[in-house]
Amino acid sequence: MSLNPADSSFEDLIRSHLPAEVLRPLAPRYLEEPRGQWQGHTALLAAPRSVDEVATLVRLASEARVAVIPYGGGTGLVGGQVMPAGPAPLLVSLERMTQVRAVYPEENVLICEAGTVLADVQAAARAAGRLFPLSLAAEGTARIGGNLATNAGGTGVLRYGNTRDLCLGLEAVLPSGETWHGLKRLRKDNTGYDLRHLLIGSEGTLGVITAAALKLSPQPAQIGTAIFAVSSPQAAVSLLSLARDQLGEMVSAFELLNGQGLAFLQQTLPDIRQPFEKAPQWSVLIEVGLAKGMSPQEALEQMFQAGHDVGIVTDGVIAQSGQQADDFWSVREHIPEANKRVGALCSHDMSLPLGELARFIDRADALIRKMGDFRVNCFGHVGDGNLHYNVFPPEGQNREAFKHLRGDVMRRLHDLVDEMGGSVSAEHGVGRLKVDDLERYADPTKLSAMRAIKAALDPKGIMNPGAVLKPAG
Ligand SMILES: Cc1cc2nc3c(=O)[nH]c(=O)nc-3n(C[C@H](O)[C@H](O)[C@H](O)COP(=O)(O)OP(=O)(O)OC[C@H]3O[C@@H](n4cnc5c(N)ncnc54)[C@H](O)[C@@H]3O)c2cc1C
């Protein structure tokens, strides 16, 4: 079914139904995405202030058959928030819907609008003596609606789960322009199909999320942070198992770092303080959040000792202050920026069963070596089996010279992930980047059910066309 552009007559239609300030000037940043792979060609930008204004915009778009792209912080890494071709869409930015509507500390619940920046959600929870554990390097820009729409992961998944696990209820506008009022604060609600779980991870293809009831947690009484050098990726996995034997669910983060990534960091962002004089080939950043009366120093020392005794930990630094802990996290959080400055040929966001992770790295490295003298920065949320396996051109060479190999490198790595029982999109989503991958690797029954759901909820195909699924017909 063909769509119409958001042209001047559509703009006039919006002006006749909504306050003038809903339509905003379109700054270039709305047409760009962090990795520069897609460029939106044109769009009309609306920034509504309420769910009713969102509903009016979507209803008008549905009647006029204009594409709608929900827009959060624009930090998505798979191109879901930009439409590079086709009739100009209406971008619906949630940037003016940033209210924390209520906090219920006793219930461990916070309700906020979808445009609330993730760091502000964390701060509101903290102010109420609680923790909102979703944490990722883009948290100062990404908005909670975008986090929900992408089912974002980040560094706290090991202990607290993905964004999906942190959401109790949603308010959303469906493609028809109808509003679903699902902002319940219930932990148990078995009343049929759960629209919440359909919308979470739908990347703007099934509706616009306008508010959410989020699950909070108690703040850990003590936090400890350390970086341990490990002998191999398998050693990292074994150390995680050992750490969980000792501390159970109190291991909050377990991040794999690679020597190549630390070298990129040294080269491009030398002001970031690194914990080791000579970067180890493999290391893990560990955070533990402990109960009252427990000593993080002792817990981490015991972990180090146990790992050292069995030969998997070779060196380590335990943070002695909040500043040092921040410095460790700064290393981890600046790795994507360093990668960007060096310029990857291709990046991958994949997950594997934990037991296959080390074998995957060996096989992937062997595969890449056969294809050329590429450099690899393999890092990630190893506790979740989530690797960012990023491939870079050889030292001193430009990625443009290798562009023709990009598709082949990605295909081979994704085939390997699939063969080993993994996923080709662990936490970033499908967006526009992985539409073909979804067709290639998804279970056919799942894919046809997804198409049926899309057709039922969005028969005109106005919601973020071209993202996740190929447009029908
Ligand atoms: C430096 C950096 C580090 C990152 N680290 C991580 C990480 O550790 N883990 C991780 O999972 N991701 C990570 N990301 C990716 C990104 O931050 C997440 O995908 C984030 O959840 C996107 O939120 P956003 O508000 O920026 O969404 P946007 O980029 O604006 O949009 C992303 C998608 O969600 C849709 N969408 C946005 N808002 C809504 C809404 N209200 N209703 C319906 N659909 C909507 C858009 O249409 C689009 O398809 C990182 C990105 C960067 C730049």
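**Exercise 1. Find which residue of β4 is the bridge partner of I69, and describe the sheet to which β4 belongs.**

Solution. In β4, I69 has L91 as its bridge partner; helices (H or I, at least four residues) and strands (E, at least two) are DSSP runs, numbered from the N terminus. Residues are numbered from 1 along each chain as its sequence is written. The model is predicted, so that local features need pLDDT of at least 70 and side-chain atom pairs count only at pLDDT 80 or more, while totals for chains, interfaces and linings use all residues, and side-chain values use heavy atoms, with hydrogens and water left out.

The next step is the pairing, for which two strands must share at least two bridges found by DSSP. Strand β4 (residues 90–93) and β3 pair in the parallel sense over four bridges. The open sheet that contains them has four strands in the order β1-β2-β4-β3, with mixed pairing. Because β1 (23–24) and β3 are at the edges and each has a single partner strand, one side of each is left without a neighbour in the sheet.

**Exercise 2. Work out the strand order of the five-stranded open sheet, and state which strands helix α2 touches.**

Solution. The order is β5-β6-β10-β8-β9, and the pairing is antiparallel. Since β5 (100–104) and β9 (179–182) stand at the edges with a single partner strand each, one side of each lacks a neighbour in the sheet. Neighbouring strands of this sheet are turned by 15° against each other on average, direction ignored, where axes are lines fitted to C-alpha atoms, for helices over the stretch in contact, and angles run from 0 to 180 degrees between N-to-C directions.

Within the sheet, β8 (residues 167–173) and β9 pair in the antiparallel sense over four bridges, and E171 has H181 in β9 as its bridge partner. Helix α2 (residues 51–64) packs on the sheet and touches β8, β9 and β10, its direction making about 50° with that of β8; contact means heavy atoms within 4.5 Å. Helix α3 (residues 118–127) lies across β5, β6 (109–113) and β10, and runs at about 145° to β6.

**Exercise 3. Determine how many residues surround the ligand and which elements give two or more residues to that shell.**

Solution. The ligand is surrounded by 33 residues, with P70, G72, G73, T75 and G76 the closest; a residue counts as near if one of its heavy atoms lies within 4 Å. Taken alone, the ligand exposes 970 Å², of which the protein buries 93%, with accessible areas coming from the Shrake-Rupley method with a 1.4 Å probe.

The elements that contribute two or more residues are β3 (68–71), α4 (144–150) and β10 (208–215), and α4 provides the largest share, five residues.
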